[in-house]
Amino acid sequence: MVVDKKHINILYTSDVHGNGLPIFYGTNEQAELGLAKYATAVKQARKRNDDLIVLDNGDLIQGTPLMTHYIKEHQDIRPNPMIGLMNQIDIDAGIIGNHEFNFGKKVLNDAMEQANFPLLSANILDEQTMEPYFGTPYVIKHLNDGIKVAIVGVTTHYIPNWESPDHIKGLYFADA
């Protein structure tokens, strides 16, 4: 029996923490990080791979002076810069990380509305209904040759031990 092999390539970011440009925001010095550099890697990978899944593994929208400035001065009048960059990269999905709550649920909800990709979490539940609070626990990616890949978002359930209670009011974090 001959078994056909299929290669599926996955590119993902994790713990980007607000690094959009390839600089250290505190010193403005060049650095080998940031979504601008990642965008180039994704573009090159798409040229080489028909079946590519591009993900973010969470902790995207917090962590740099850029994001703190955005929250303090621009969140009600401008789109979230990190979500805008991920929209340009055209990722398939993102996972909600623990630091997505650092600025409160409004900032996270606004980011989700601006995203052209689903932000997933199967285990952050509405305290009242015990249904996924953010709606989409998973997505199915359709690849070539009829292959389907499930992408499931799972967020650390330890968030209530770290986060301000006001930022997670009404949420239940089920065991990952």
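How many positive and how many negative side chains does the chain have, and how far apart do the centres of the two sets lie? The chain has 14 positive side chains and 22 negative ones. The centres of these two sets lie 8 Å apart. Keep in mind that this is a predicted model.

Now take the chain as a whole. There are 5 helices and 10 strands in it. Along the principal axes, its C-alpha atoms fill a box of roughly 60 × 45 × 25 Å. The radius of gyration is 17 Å, which agrees with the value near 16 Å that a compact globule of 176 residues would have.

Next, look at how the chain meets itself. Take the contacts with a separation of 6 or more: 67% of them are between residues 24 or more positions apart. Of the 176 residues, 43% count as buried, meaning under 20% relative accessible area. The chain exposes about 10,200 Å². Carbon and sulfur atoms supply 49% of that area.

Helix H2 lets you follow burial residue by residue. H2 covers residues 65–74. Its buried residues are Met-67, Tyr-70 and Ile-71. Seen down the axis of H2, these buried residues fall within an arc of 95 degrees, so they line one face of the helix. What covers them? Helix H3 (81–89) and helix H4 (105–114) are included in the cover. Now turn to the face of H2 that points away from its buried side. That face carries Lys-72 and Glu-73, which are exposed.

How values were computed:
Residues are numbered from 1 along each chain as its sequence is written. This is a predicted model: local features need pLDDT of at least 70, side-chain atom pairs count only at pLDDT 80 or more; totals for chains, interfaces and linings use all residues. Side-chain values use heavy atoms; hydrogens and water are left out. Buried means under 20% relative accessible area, exposed over 50%, partly exposed in between (1.4 Å probe, protein chains only). Helices (H or I, at least four residues) and strands (E, at least two) are DSSP runs, numbered from the N terminus. The arc is that of the directions from the helix axis to the C-beta atoms. Contact means heavy atoms within 4.5 Å. The radius of gyration is taken over C-alpha atoms; the globule rule is 2.2 Å times the number of residues to the power 0.38. Accessible areas come from the Shrake-Rupley method with a 1.4 Å probe; for residues, only the protein chains shown count as cover. Lys and Arg count as positive and Asp and Glu as negative; His and the chain ends are not counted. The place of a charge is taken as NZ of Lys, CZ of Arg, CG of Asp or CD of Glu.
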